[in-house]
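Have a look at the entry first, then read on.

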Amino acid sequence: DIQMTQSPPSLSASLGDKVTITCQASQNINKYIAWYQQKPGKAPRLLIRYTSTLELGTPSRFSGSGSGRDYSFSISNVESEDIASYYCLQYDNLNTFGAGTKVELK
Amino acid sequence: EVQLVESGGGLVQPGRSLKLSCAASGFTFSKYGMAWVCQAPTKGLEWVASISSGGGNTYYRDSVKGRFTISRDNAKNTLYLQMDSLRSEDTATYYCARHRYTTDYFDYWGQGVMVTVSS
């Protein structure tokens, strides 16, 4: 089974900051990583697939990059609506989520 | 509009069974792989099980193998999760989710249904 190590578990950001979340896979996942946003009491929302492809409707301040085992997700110019938890998902071999990152306002 | 609506959750005693359903609409259900994803209270997301579009292939996380069964009825546009020998650690919100292709990422999610395993 592929394990996904996501960090940090939480972070505090001011409006307008750039934040970055990382996920490391236990093996090469060939860029098959997606990123989700989840707000309290709501279902997750797909933001990015295949490392860096934004889903329709995802604001351009969200971005993703990486290859092999190491991937990152960034939000530039954090807005209040971005306060949420974020999860990576590998789909190279079945599915594994990272543990999540809670983004809070400083 | 794609819609996934789960039902069947509730309070159940340890060792007992529960069957979840997910009614799909707004897309050709028989063309997509489907999955269940769970989230324990205040915890992260965990993939539980997936099923291919025709139902011939099923996949499970290790902790539910032999206890949970995923199935589908393409004539009724419905996904199921039969949960047997339930444990307290199965307590979670269970989401029905659509795979974009086979067993890759999830593009649509239901609103979730709560399952509480407690005596």
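**Notes on the two chains and their contact**

1. Start with E55(A) and R100(B): they form a salt bridge, with their closest N and O atoms 2.8 Å apart. By salt bridge I mean a side-chain nitrogen of Lys or Arg within 4 Å of a carboxyl oxygen of Asp or Glu. The rule finds one salt bridge across the interface of chain B and chain A.

2. Before going further, some ground rules: this is a predicted model, where local features need pLDDT of at least 70 and side-chain atom pairs count only at pLDDT 80 or more, while totals for chains, interfaces and linings use all residues. Residues are numbered from 1 along each chain as its sequence is written, chains are lettered from A and ligands numbered from 1 in the order in which they are written, and side-chain values use heavy atoms, leaving out hydrogens and water.

3. How many residues does each chain bring to the contact? Chain B gives 20 residues and chain A gives 17, contact meaning heavy atoms within 4.5 Å. About 1500 Å² is buried between the two chains, and carbon and sulfur atoms give 62% of that. Buried area here is the accessible area (1.4 Å probe) that two parts lose on being put together, summed over both.

4. Which elements of chain B give two or more residues to the side that touches chain A? They are strand 4 (34-39), strand 5 (45-51), strand 9 (92-99) and strand 10 (106-109). Strand 5 of chain B has the largest share, with four residues. Strands here are DSSP runs (E, at least two residues), numbered from the N terminus.

5. Now the sheet in chain A: four strands form an open sheet in the order 1-3-8-7, with antiparallel pairing. Two strands pair if DSSP finds at least two bridges between them. At the edges are strand 1 (4-7) and strand 7 (62-67) of chain A, each pairing on one side only. Strand 3 (residues 19-25) and strand 8 (residues 70-75) of chain A pair in the antiparallel sense over six bridges; V19(A) has I75(A) as its bridge partner in strand 8.

6. Chain B has an open sheet of four strands too, in the order 1-3-8-7 and with antiparallel pairing. Why is one side of strand 1 (3-7) and of strand 7 (68-73) of chain B left without a neighbour in the sheet? Each stands at an edge and has a single partner strand, so one side has no neighbour there. Strand 3 (residues 18-25) and strand 8 (residues 78-83) of chain B pair in the antiparallel sense over six bridges, and A23(B) has T78(B) as its bridge partner in strand 8.
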